[in-house]
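Please look through the structure below with the following explanation at hand.

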Amino acid sequence: MSGTTEKRIGASELLRQRREQMFPKLSAAQIARLEAHGQRIEIRPGEVLAEPGSRQLKAYVVLSGSIEILLPDEGEGQLLYMLTAGDFSGEMSTLRGSSAQTTLRVRRPGNAIALDSGQIRDVIQTDAELSELFMRAFILRRVALIQSNSGEITLLGSRHSADSLRLREFLTRNGQPYHDVEIETDPDTAALFERFHLTAADMPVVVCRAAQMFRNPSNHDLAECLGLNPQVDDSRVYDLLIVGAGPAGLAAAVYGASEGLNVRVVETVAPGGQAGTSSKIENYLGFPTGISGRALAGRALSQAQKFGAALSVAADAVDLRCSQRPYSIQLADGKVLRGRSVLIASGAQYRTLQVENLSRFLGAGVYYAATALEQKLCQGEDIAIIGGGNSAGQASVYLARGCRRVHLLVRGKGLAESMSNYLIRRIQDTPNIQLHTQTQITQVEGSDRLERMSWLCSADGKREEHAIGHMFVMTGAAPNTPWLKGCVVRTGPDLDAQALSAARWPLERAPHSMETSLPGVFAAGDVRAQSVKRVASAVGEGSICVQFVHRVLQETANPASNAA
Ligand SMILES: Cc1cc2nc3c(=O)[nH]c(=O)nc-3n(C[C@H](O)[C@H](O)[C@H](O)COP(=O)(O)OP(=O)(O)OC[C@H]3O[C@@H](n4cnc5c(N)ncnc54)[C@H](O)[C@@H]3O)c2cc1C
């Protein structure tokens, strides 16, 4: 059985288990409320209302007749569901304004109410009952699409290639359904190579909608081809421009948009930030059984979109122009966005180890995240994890489930000072995790991928060499600030009178909490010096900033009030 068939069964299974939530029937009263927002239209047999790649900007409430939802497939497409009277179409891309994943084709004539994404958002924001119904249905339909592994996008890649892993990570973390062909193991490989005239040397390759083929595309090119980002007006001045969609940026987006601000978020990779790479977050309030970073990020993104925040991924901020207001941010593709206020939520990045040749194996045996993608790569093998903090602990426990042996290497004498107790106990209780204290990597070797590594224990001077092909580096993180090019220094309480005068702070008032030396430019989360490095604190800081953004916006509307 091919992977595609298995996944299709996964989607049907979800439909079978949760049909009533995925496709709830609207009551007459609910339809009447929706009609007040939308427009009644006639639907004719054969009419195509949306197809993969088209911007799915409308949802349809069927009044009479029927509409088929077809999954992309060879030929006609595969029927996922038939919408009849009382059903409605749409999924998360409708709300986001990104491109459609399915075909909507009228089967039997009748009438429907068409609602564009702005009208759906109005309904969701004002009608609690319909909000719950639509949001749940949209989220579950997106999950079904991901599980359908639809033929819309095919990624052909090697399990030993850094770019294949980058593209898998980009698609997966952005909730994009795709057909993953690992060329070493997938039975479809030969047929696909023949059909698209490819060889192993061309990898990785992404085929978009059987029409466009990209050899090793950048994340930006892939996002463009997929229509991942909403089409938004880049010339407007936003109330709040957020750089980074980790927990801090997403929290600010949710609170800002829900309080009526025009919010734009730009993100280099995918929503969730570091938290999005966590296998299970167990200390975030309200999730007693834990939640995976991806699930938390998906929920937060849906929430931000529900309130109308516009988020672009594969959008890398490369400069903050701070000499004039409104401030502007330049993106790597040359676009310039303007904002009356700015939140720097670009988080932190793992420090690399100073070991010769290490960078050669990045993505080909050396990893900075331990998600399901990396777990799949090292099934049944010995691995090494470097670091004594919570992320290293989490990764050890998570990866130990599928690996033969996990070598956990820490520089210190133990874990007590750097890791939470619950993780230390789990490590002690997991027989295939071997802790090596006072130990450091000395050498890594391999040809096109990591094959061997050596380490040295400073306590007894013992040197060991192991045939290990997968190493996870989790050794503390440094703030992601190089893109600011020195434009901003420190925040709130760290700004004493001397620092303020050096930065030529122009206002009578002192900076707000988390405001930088530039009025109206805030920083929240791990990007701040001495930050707490927790999901909860990043979320807290991101949401607190919004309160001060309102004050800054009032101030810019009435500049005389605060001039020094
Ligand atoms: C594996 C792992 C497990 C963890 N587990 C836990 C846990 O269990 N509990 C807990 O409380 N904390 C945990 N943490 C820590 C927690 O994830 C972080 O403290 C939190 O994510 C910080 O949020 P943030 O929004 O400040 O920054 P980040 O999460 O780092 O997000 C910053 C975002 O900004 C983006 N960005 C950076 N530069 C730019 C740019 N120039 N332009 C556009 N975008 C940019 C990045 O791509 C990133 O998505 C874990 C961290 C890791 C890595």
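Helices (H or I, at least four residues) and strands (E, at least two) are DSSP runs, numbered from the N terminus. The model is predicted, so local features need pLDDT of at least 70 and side-chain atom pairs count only at pLDDT 80 or more, while totals for chains, interfaces and linings use all residues. Residue numbers start from 1 along each chain as its sequence is written, and side-chain values use heavy atoms, with hydrogens and water left out.

The backbone comes first. Most residues other than glycine have a negative phi, and most peptide bonds are trans. The loop between β15 (317–321) and β16 (327–331) contains Pro326, which is joined to Arg325 by a cis peptide bond with omega of about 0°. Another cis peptide bond links Met203 to Pro204, with omega about -5°. Pro204 belongs to the loop between α7 (189–196) and β10 (205–208). His197 also lies in the loop between α7 and β10; although not a glycine, His197 has a positive phi of about 55°.

Helix packing is next. Two packed helices are described by the angle between their axes and the distance between the axes. Axes are lines fitted to C-alpha atoms, for helices over the stretch in contact, and angles run from 0 to 180 degrees between N-to-C directions. Angles under 35 degrees count as roughly parallel, over 145 as roughly antiparallel, 65 to 115 as roughly perpendicular and the rest as oblique.

Helix α2 (residues 28–35) crosses helix α5 (residues 128–148) at roughly 95°, and their axes come within 11 Å. The two helices are therefore roughly perpendicular. Contact means heavy atoms within 4.5 Å; here Gln30, Arg33 and Leu34 of α2 meet Glu129, Leu130, Leu133 and Phe134 of α5. These residues comprise four nonpolar, one polar and two charged, where Ala, Val, Leu, Ile, Met, Phe, Trp, Tyr, Cys and Pro count as nonpolar, Asp, Glu, Lys and Arg as charged, and the others, Gly among them, as polar.

Helix α4 (residues 117–126) packs on α5 at an angle of about 120°, with the axes 6 Å apart. This angle makes α4 oblique to α5. From α4, the contact takes in Ile120, Val123, Ile124 and Thr126, and from α5 Ala128, Leu130, Ser131, Phe134, Met135 and Phe138. Eight of the contact residues are nonpolar, two are polar and none is charged.

A further pair is helix α6 (residues 162–173) and helix α8 (residues 219–226), whose axes come within 11 Å and cross at roughly 40°. The pair is therefore oblique. Arg166, Leu167, Phe170 and Leu171 of α6 make the contact with Asn219, Leu222, Ala223 and Leu226 of α8. Six of these residues are nonpolar, one is polar and one is charged.

Which residues come nearest to the ligand? Of the 35 residues around the ligand (a heavy atom within 4 Å), they are Glu267, Gln274, Asn283, Gln394 and Asp526. A polar side-chain atom of Glu267 is 2.6 Å from a ligand oxygen atom. For Asp526, a polar backbone atom lies 2.8 Å from an oxygen atom of the ligand.

Key
Polar contact = N/O pair within 3.5 Å; in protein donor to acceptor, adjacent residues only side chain to side chain.
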